[in-house]
Amino acid sequence: MNEHASKPLDFSNVSSKNHQIQIDASSEKTAANEAEKANLYFWRLFSAGFYGISSFLVIVVNKIVLTNYKFPSAHALGIGQMSVTILTLYIGRSLNIVKFPSISSDVPKKIWPLPLFFIGNLVCGLGGTKHLSLPMFTVLRRFTILMTLIGEYFILNTSQSLPIIATVIAMVGGAIIAAADDLSFEVRGYMFVLCNDFFTAANNICVKKKLDARDLGKYGLLFYNALFMILPLTVLWWYSGEIEKTLAFYKWLDITFLTSFLMSCFMGFVLMYSTVLCTAYNSALTTTIVGVIKNILVTYLGMYLGGDYIFSWTNFLGLNISMAGSLVYSYITFVRKEVPGTKITTTVKKG
């Protein structure tokens with residue numbers, strides 16, 4: 001009998017080891033997916049919060065420059081904001097901090113019509129801030145939500161769930177109630193803000209579409225938008241007859257005004273960057289509504305700090321209804337979606 005005969009293989013042991021390897025690989029994959037989800041959730045929250053804070057600060061600073069100091073030209077302020085954006089990103093690319101494509105003949109085609117929406121948003125936003133009280137400015141900005149909801153459906157082929165639509169109705173409905181009893185009604189101011197709403201909605205939807213195309217990247221979008229807007233803004237500045245008023249403004253040597261002006265220019269860049277960042281990690285609708293949620297601070301602080309709010313119960317009720325809708329939306333979008341077993345869906349239309 002052969003003493004060196006090979007022993008039979010223990011297939012059950014091999015199978016058990018293979019099964020354990022599969023479990024370990026599956027666990028590693030699950031852990032990696034969970035880490036990726038946590039990282040994405042962090043950036044969604046961070047970009048939304050960053051945009052909300054930036055949007056709040058830029059309104060306050062613009063209000064100080066245009067109203068408190070009575071600076072005569074919103075266009076000049078817009079040119080300053082675009083100039084700071086171009087200079088910051090150019091220096092950043094020179095130092096290899098940021099990257100975006102060099103200018104070429106196909107850049108205008110890739111960027112269009114975003115500059116049109118940016119410049120319309122900028123001019124109307126600055127004009128609305130100048131002609132309305134802070135609380136009423138923020139209330140009328142709620143109509144951006146409805147415009148974005150409709151635009152996402154037709155342009156991005158995205159439809160929202162019924163709970164989301166209900167919060168949009170609450171926000172817009174509260175705005176209508178508040179505006180119906182506006183004791184500081186001014187037609188020009190209302191027109192500025194409603195046009196601002198349209199351009200903001202168009203801008204956010206267009207940014208989302210351009211980012212998905214991945215042609216220029218977020219820094220390229222910012223740089224070339226600002227670059228292509230300098231000339232149209234300068235023409236508007238000249239056409240409005242504000243150049244002489246701007247140059248003759250008596251507070252150019254006032255250090256406090258100059259600080260506020262430069263801060264507004266820098267915050268214009270920060271706001272544009274935070275808008276693109278928030279839209280990249282979230283939806284165009286979420287970016288729009290984050291801009292509304294931040295108005296909780298603007299509205300209530302404006303009642304005490306702005307000095308131009310006229311109180312009425314109807315207006316106050318409408319403000320609170322709109323704010324309640326904003327808070328419910330934020331809960332559905334950033335909290336309820338993350339709870340296991342809870343499903344708030346966003347559906348996409350089939351071609």
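Asn157 is partly exposed, because its relative accessible area is 37% (buried means under 20%, exposed over 50% and partly exposed in between, with a 1.4 Å probe and protein chains only). Asn157 sits in the loop between α6 (143–155) and β1 (158–159); helices (H or I, at least four residues) and strands (E, at least two) are DSSP runs, numbered from the N terminus. The phi of Asn157 is near 55°, a positive value in a residue other than glycine.

This is a predicted model, in which local features need pLDDT of at least 70 and side-chain atom pairs count only at pLDDT 80 or more, while totals for chains, interfaces and linings use all residues. Residues are numbered from 1 along each chain as its sequence is written, and side-chain values use heavy atoms, with hydrogens and water left out.

Lys70 also has a phi near 55°, a positive value in a residue other than glycine. Its place is the loop between α1 (11–68) and α2. Lys70 counts as exposed because its relative accessibility is 61%.

## A cis peptide bond

The peptide bond from Trp112 to Pro113 is cis, with omega near 5°. Pro113 belongs to the loop between α3 (107–111) and α4 (114–131). Most peptide bonds are trans, and most residues other than glycine have a negative phi.

## Helices α2 and α9

Helix α2 (residues 74–94) packs against helix α9 (residues 217–239) at an angle of about 150°, with the axes 9 Å apart. Axes are lines fitted to C-alpha atoms, for helices over the stretch in contact, and angles run from 0 to 180 degrees between N-to-C directions. The angle makes α2 roughly antiparallel to α9 (under 35 degrees is roughly parallel, over 145 roughly antiparallel, 65 to 115 roughly perpendicular and the rest oblique).

Residues of α2 in the contact include Ile79, Met82, Ile86 and Leu89, and those of α9 include Leu222, Phe223, Leu227 and Trp237; contact means heavy atoms within 4.5 Å. The residues of this contact divide into 17 nonpolar, 5 polar and 1 charged. Here Ala, Val, Leu, Ile, Met, Phe, Trp, Tyr, Cys and Pro count as nonpolar, Asp, Glu, Lys and Arg as charged, and the others, Gly among them, as polar.

## Helices α12 and α14

The axes of helix α12 (residues 284–293) and helix α14 (residues 313–334) come within 10 Å and cross at roughly 140°. That makes α12 oblique to α14. On the α12 side, Leu285, Thr286, Ile289, Val292 and Ile293 meet Ser326, Tyr329, Ser330, Thr333 and Phe334 of α14. By class, the residues of the contact of α12 with α14 are 6 nonpolar, 4 polar and no charged.

The 22 residues of α14 should span 32 Å at 1.5 Å a residue, and its end C-alpha atoms are 32 Å apart, which agrees; the expected span is 1.5 Å times one less than the number of residues. Among the buried residues of α14 are Asn315, Leu319, Met323, Tyr329 and Phe334.

Ser264 is found in helix α11 (residues 255–281) and is buried, with a relative accessible area of 0%. Not counting residues up to four places away in sequence, Ser264 touches Val61, Asn62, Val65, Leu77 and Gln81.

Lys245 lies in helix α10 (residues 242–247). Lys245 counts as exposed, at 52% relative accessibility. Lys245 and Phe71 are 174 residues apart in sequence, and their C-alpha atoms are 8.9 Å apart in space.
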